[in-house]
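Please keep the sequence and the structure in view while reading.

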Amino acid sequence: MIRRILATHAPAAAAVSRARATAPVRFRRLVATLALATCAASAARAAAPSPDPQVLLYGNESAATADDARGLLFNPAAVGVRYPSELFVSWTRWGPKRELNNQVLALGGFALQAQRLRDSSQAYGFSLAAGGERLRWGSTSAWLVDAHTHEIEADHRIGLLSRPAPWLSCAYVLDHLTQPVFRYQRLSRLHTLAVGLRPLALSRPLAHGWGTRLTLTGDVTMVEDGEWRQSRVRVGGELELLPGLMLRGAVEDHRGLHVGFGLRGPRLGLHAQSASVDGAHRYDTYGASLHSGEDASIFASPALRRVAVVRAGGRLGDDALSGVSLLGAENTTPVKPLRDQLERALDDPLTRGVLLDLRGVSNMAQIEELRPRVEKLRRAGKPVVAYFENGGGRGDFYLAGVCDRIVATPEAEFGALGLRVERRYYRQLLASWGVRMDRTSYGKYKSAFRNFSVDSTPAPDREAIERSLDVQQELFVSALTADRKLDRARLLGVLDGRMWSTSDLQSAGLVDSVGYRDDALRALGRLCGLGEKPRTVDLRRARTARREWTVPERIAVVYASGGIDVGRSGNDLLTGPFMGSETVTAQIESAFRTPGVKAVVLRVESPGGSAVASGVVHHATARMKRETGKPLVVSMGGVAASGGYYISSRADRIFADRFTRTGSIGVLQIKPSLEGWYRRHDVRQDAFDRGDKMWGWSQGRDWTPEAQAIADSATLRFYRSFVGIVAEDRKLPEDQVDAVAQGRVWLGEDALERRLVDQIGGLDDAIAEARRRAGIPEGEKIRLREYRRPRPGFLQRLVGSAVSDAWERTMRLPEPGTMLYRADDEEIAP
């Protein structure tokens with residue numbers, strides 16, 4: 001050990017050598033002892049990797065607010081909060097020969113560090129962080145390396161970060177967890193308590209705008225088993241004068257003063273600070289940050305301005321439903337990414353326009369809710385150009401109609417722009433196999449599954465279909481003639497079902513110009529002033545920097561998508577993906593019982609299903625409203641009929657789109673019978689009953705007139721209960737409800753006229769109503785607490801033991817005798 005100490009302190013070693021050569025033995029020993037003491041003291045002073053317990057990099061660092069790559073150095077729990085990824089470097093200088101360099105690479109909650117104190121030591125380490133915005137934890141492990149002796153010692157730090165409100169951030173950090181010995185000195189544990197305050201964020205409307213511009217901090221660092229005089233106290237602050245221009249400062253109890261400033265561009269930050277003690281300059285620090293999250297900044301170069309490319313295609317829905325039924329595969333494209341991209345384009349100062357790449361989008365109710373978002377972009381001075389590469393249908397034109405321009409390629413073909421409904425009837429086919437579908441229903445318009453038991457379209461069904469076609473045609477024609485300033489007769493001529501070329505539709509006024517993607521971008525660039533070749537961006541990948549500490553979840557949205565059945569959500573062989581009453585009820589209960597949630601929105605996209613499951617969900621909404629006193633608002637998507645309407649009726653207010661198919665207040669029951677098939681194949685049946693009507697439940701017996709009458713009676717009882725529930729919930733006379741019920745499907749405005757819904761509007765309107773009823777200020781930024789269809793777990797998707805359960809839930813039919821609140825789940829197709 002003596003040799004190691006002497007090797008690191010040459011003057012003391014020389015003194016010892018001289019003493020040995022010229023002095024008596026005892027004197028030589030005394031001199032050697034004093035020299036060794038001098039070496040030990042020097043080593044103790046150099047034990048820490050930095051001459052300052054916390055060298056500030058920006059001038060106002062706090063364990064409660066350093067939520068970017070610097071978190072690795074101040075609070076590991078804060079790593080990755082502000083930016084998805086970041087490369088940070090800094091350089092600190094004390095005089096001509098003392099320098100400290102830091103390099104940190106952060107990827108989400110993982111970060112790597114390299115630190116060098118010139119001619120003294122290095123440190124290399126990594127950090128891990130996880131958790132949510134309300135509570136995060138993190139740890140850092142570093143290896144300290146002596147530059148002279150190459151001694152290596154591990155050091156560890158842990159941290160906690162809590163941000164319970166937009167104006168409050170609290171932190172705790174424990175340094176030197178294992179109290180390592182480095183350079184013959186034990187590093188004592190340090191406990192840091194920190195708090196950050198944003199006074200302007202106390203105002204809820206200002207919390208996420210001006211509220212983020214002023215931040216005050218306070219940190220106290222205490223030595224474990226030390227004295228209070230060894231503690232350090234630091235008070236700091238940051239003021240963002242303009243977006244991207246920050247002034248910073250901090251005062252320390254040991255008469256230290258820090259002053260700094262920062263310049264932030266969208267993806268690059270430059271920072272500097274100067275430290276002094278008692279008025280004497282001590283050190284300067286310069287830092288640079290290159291990050292993936294984009295900051296709003298006045299220093300954004302005009303060259304960074306761009307247009308967003310947003311692609312839309314497929315049948316839109318609230319959830320990504322996929323499954324297989326007897327009627328074929330069902331797949332829906334989630335609409336949320338489209339909503340988010342259009343909203344981001346509206347808020348992003350760098351995005352000056354949008355190219356809407358349309359590729360066969362459908363579900364008119366969902367498209368109707370996207371149209372106002374496009375109109376908001378145009379009102380904000382951000383033009384939108386629609387682009388057809390392969391052609392398009394009614395849904396594409398309905399969305400493109402509100403755009404500034406429509407561009408299509410010369411090869412694009414447009415056909416089947418009219419409307420058509422086809423009904424196929426399978427009774428005779430089933431009869432040829434010896435199969436019969438026994439069916440009972442109440443409500444002359446209740447048509448679900450009727451195509452298995454009759455041979456042609458009854459008059460009530462024909463009446464409902466014709467009305468639906470007329471309403472949808474009028475909605476589409478009136479909207480497009482207004483949007484595009486078209487002649488009505490000319491537009492109707494285009495909707496006759498023929499195939500049209502791009503030039504044909506250009507002559508008709510439905511397309512503005514013929515060209516390819518670069519032509520569409522050129523037109524958009526001219527409209528938004530970015531020239532012939534504007535920069536493009538995919539906003540799904542261009543994430544924003546997180547400035548807010550906490551965005552409160554004051555509104556919960558429960559998405560109820562698919563048919564309705566008992567148990568957990570799954571897939572039905574007859575009707576495809578369904579919502580399970582057990583799953584949806586648990587989500588509704590969680591939404592209402594979450595303390596911070598002030599109101600609940602139930603988003604319904606369902607043709608109905610099991611009467612029992614519908615009743616269970618309806619009861620849950622009524623019970624939660626009664627127990628919590630929180631308002632419930634329903635937003636109907638493309639279809640909210642029969643059982644879908646049943647679970648909606650208890651709401652304080654119901655919103656429907658103009659294309660929403662709702663109502664269908666009626667009941668039906670089906671039972672497949674294989675009696676004829678058994679007879680043809682010489683299958684003999686023996687039955688043993690205790691109950692003279694039990695045979696009516698058998699799939700081996702056709703219903704007799706007596707069995708049909710029994711089933712009709714039960715169906716009537718369920719129908720009267722259904723009508724009574726709606727009358728009570730909607731505060732209407734039962735005879736009035738019965739008159740508009742009868743299984744009849746109504747589109748949005750017809751339903752409004754008959755008081756089945758309260759207002760025409762989409763999900764955004766329903767959320768605005770929920771905010772109003774919850775007393776949330778209009779300007780306050782909130783985040784939705786969303787409950788969506790649960791996805792199977794990763795292991796369940798891979799492990800073979802789950803196969804049998806998945807098969808059982810996929811290959812299933814409704815149980816015989818099951819009462820159904822079910823509407824025809826058919827969208828009128830072009």
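**Thr217 and its surroundings**

Leaving out residues up to four places away in sequence, Thr217 touches Asn60, Ser62, Thr65, Val195, Gly196, Arg234, Val235, Gly236 and Gly237, where contact means heavy atoms within 4.5 Å. The model is predicted, so that local features need pLDDT of at least 70 and side-chain atom pairs count only at pLDDT 80 or more, while totals for chains, interfaces and linings use all residues. Residues are numbered from 1 along each chain as its sequence is written, and side-chain values use heavy atoms, with hydrogens and water left out.

- Thr217 belongs to strand E11 (residues 214-223); helices (H or I, at least four residues) and strands (E, at least two) are DSSP runs, numbered from the N terminus.
- Thr217 counts as buried because its relative accessibility is 6%, where buried means under 20% relative accessible area, exposed over 50% and partly exposed in between (1.4 Å probe, protein chains only).
- Between the C-alpha atoms of Thr217 and Leu197, which are 20 residues apart along the chain, the separation is 6.3 Å.

**The chain as a whole**

- The chain holds 22 helices and 42 strands, and 52% of its 830 residues count as buried.
- Of the contacts in the chain with a separation of 6 or more, 66% are accounted for by residues 24 or more positions apart.

**Asp319**

- Asp319 is placed in the loop between strand E17 (306-317) and strand E18 (322-325), and it counts as buried because its relative accessibility is 6%.
- A polar atom of the Asp319 side chain lies 3.5 Å from the backbone nitrogen of Arg789.
- Not counting residues up to four places away in sequence, Asp319 touches Thr332, Pro334, Tyr559, Ser561, Arg788 and Arg789.

- Helix H5 (residues 336-347) has 12 residues and spans 16 Å from its first C-alpha to its last, close to the 16 Å expected at 1.5 Å a residue; the expected span of a helix is 1.5 Å times one less than its number of residues.
- Buried in H5 are Leu338, Arg339, Gln341, Leu342, Arg344 and Ala345, and what covers the buried residues of H5 includes E17, strand E21 (351-362), helix H6 (364-379), strand E33 (599-606) and helix H20 (763-774).
- H20 likewise has 12 residues and reaches 16 Å from its first C-alpha to its last, close to the 16 Å expected at 1.5 Å a residue.
- The buried residues of H20 are Leu763, Ala766, Ile767, Glu769, Ala770 and Arg771, and just after H20, Gly775 takes a positive phi of about 75°.

**Helix pairs**

- The axes of H5 and H6 come within 9 Å and cross at roughly 10°, the axes being lines fitted to C-alpha atoms, for helices over the stretch in contact, with angles running from 0 to 180 degrees between N-to-C directions.
- H5 and H6 are therefore roughly parallel to each other, a term for angles under 35 degrees, whereas those over 145 count as roughly antiparallel, 65 to 115 as roughly perpendicular and the rest as oblique.
- Among the residues making this contact are Leu338, Leu342 and Leu346 of H5 and Leu370, Val374 and Leu377 of H6.
- The axes of helix H13 (residues 581-593) and helix H14 (residues 611-628) come within 9 Å and cross at roughly 10°, which makes H13 roughly parallel to H14.
- The residues in contact include Val584, Ile588 and Phe592 of H13 and Val616, Ala620 and Met624 of H14.

**Nonpolar cores**

- The largest nonpolar core has 52 residues, and those with the most contacts inside it are Leu358, Phe388, Phe397, Phe414, Leu505 and Leu510; such a core is a set of buried Ala, Val, Leu, Ile, Met, Phe, Trp, Tyr and Cys residues joined through side-chain atoms within 4.5 Å.
- Apart from it lies another core, of 43 residues, among them Val558, Ile564, Val604 and Val737.

- Most residues other than glycine have a negative phi.
- Lys485, in the loop between helix H9 (459-484) and helix H10 (488-494), has a positive phi near 55°, and it counts as exposed because its relative accessibility is 71%.
- Asp682 has a positive phi of about 55° although it is not a glycine, and its place is in the loop between helix H16 (675-680) and helix H17 (705-730).

Terms used. Polar contact = N/O pair within 3.5 Å; in protein donor to acceptor, adjacent residues only side chain to side chain.
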